[in-house]
Amino acid sequence: MIAKQQLIIAPSILAGDFGNFARDAKRVEEGGGDWLHCDVMDGHFVENITFGPDMIAAFRKATKLPLDVHLMIERPDLYAERFIDAGASHVIVHLEAQHDVGRTLALIRRCGRAAGLAIKPATTADKVIPFLGQIDELLVMTVNPGFGGQSFMPDMLLKIRALRAAAKHLPIIVDGGINPETGRQCVEAGANVLVAGNSLFRHKTLDLREAITELRRQCN
Ligand code: DX5
Ligand code: ZN
C-alpha cells in the first residue's frame, strides 16, 4: 500500500492582482495555502511575460510560504541561481526548454533547493522517465503554458496515472484549469499537489480562505 501523499494546495499568484502582489501573497498564506506558485514567463518559451527574480524577492518578504517557482523560460540554466538567491524554495524547469536538463536539475539541487521538472501537454510521459532519479517533484501541465484561466485538458489524466505508476513516491503537481471537480479527478489519477489560480482568486465568494478550504475538502 503506497502511503497516501499529503494533499498540497499551491495557489497561483498569476491570478492575483498585479498591482497588489504582496497583499495577495499574504492573503494566500492567511487563506491556508501551502505553497505560493509563482509563474515566471520570458516571452520566448511562452507568448507572455510576467516577472523576474526581484518579484520573487518581494514575495519572499511578503509570505513565509514556500515559493514554488515555475520557470516557463527558454534558458532556465542561466537564471535558476538568481531565482534561488531571490528566495525560491522549489525551482521547476521545463523539459522542452533549450538547456541541458540534467545539468540544470543538478545545479538546483546543489543550491539546496527542490528541483522540479515540468512537461507541456504535448510531451509524453516516457520522456520524463530518464529524469525521475534527478528530481524532487514533477509538474504535469493540464493546460498549454502561458496564461491562467484556460480550460482543463482531461486527456492529461492518463499521463498522470502513468507517471504515478512509474514514480510512486514523487510529488506530482498538476497545473492549469484546476478546480474542485478537475482537482478531484487529478488526485484520483495520482496527483497530490494542486496549482490553482482563477478558481481560487475568482471564487464565487471572492473569499480565498473559503475557496482554498473548498478545494482541499473536495480533493482530500
Ligand atoms: C499557466 C501557469 C499556471 C496558471 C494556472 O502557464 O503555469 O500556473 O497560472 O492558472 P489557472 O488555475 O487559472 O489555470
Ligand atoms: Zn504554473
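This short talk covers a zinc site, a sheet and some salt bridges in a predicted model.

First, the conventions. Residues are numbered from 1 along each chain as written, local features need pLDDT of at least 70, and side-chain atom pairs count only at pLDDT 80 or more, while totals for chains, interfaces and linings use all residues. Chains are lettered from A and ligands numbered from 1 in the order written, and side-chain values use heavy atoms, without hydrogens and water.

I start with the metal. The zinc ion (ligand 2) is held by His37 through NE2, Asp39 through OD, His70 through ND1 and Asp175 through OD, at 2.1 to 2.3 Å. A donor here is an N, O or S atom within 2.8 Å of the metal (3.2 Å for Na, K and Ca), and since water is not among the atoms, sites may look incomplete. The 6 donor atoms subtend angles of 71 to 177 degrees, so the arrangement is octahedral; for six donors that requires opposite ones over 155 degrees apart and all others between 65 and 115. Along the chain the spacing reads H-x1-D-x30-H-x104-D. Asp39 sits in strand E2 (residues 36-41) and His70 in strand E3 (residues 67-72), 31 residues apart. Strands (E, at least two residues) and helices (H or I, at least four) are DSSP runs numbered from the N terminus. Both Asp39 and His70 are buried, meaning under 20% relative accessible area, with exposed over 50% and partly exposed in between (1.4 Å probe, protein chains only).

Next, the sheet. Its 8 strands form an open sheet in the order E1-E8-E7-E6-E5-E4-E3-E2, with parallel pairing. Strands E1 (8-11) and E2 are the edges, each pairing on one side only. Pairing takes at least two DSSP bridges; E7 (residues 172-175) and E8 (residues 193-196) have 3. Within that pair, Val174 stands opposite Leu194.

Last, the charges. How many salt bridges does a search of the whole structure find? The count is 12, where a salt bridge is a side-chain nitrogen of Lys or Arg within 4 Å of a carboxyl oxygen of Asp or Glu. In one of them, Lys64 and Glu29 have their closest N and O atoms 2.7 Å apart. Lys64 lies in the loop between helix H2 (53-62) and E3, and Glu29 in helix H1 (residues 21-30), so this pair ties together parts 35 residues apart in sequence. Lys64 is exposed at 68% relative accessibility, whereas Glu29 is buried at 16%.

Notes
Four donors count as tetrahedral if all angles lie between 85 and 135 degrees; four count as square planar and six as octahedral if opposite donors are over 155 degrees apart and all others between 65 and 115; anything else is irregular.
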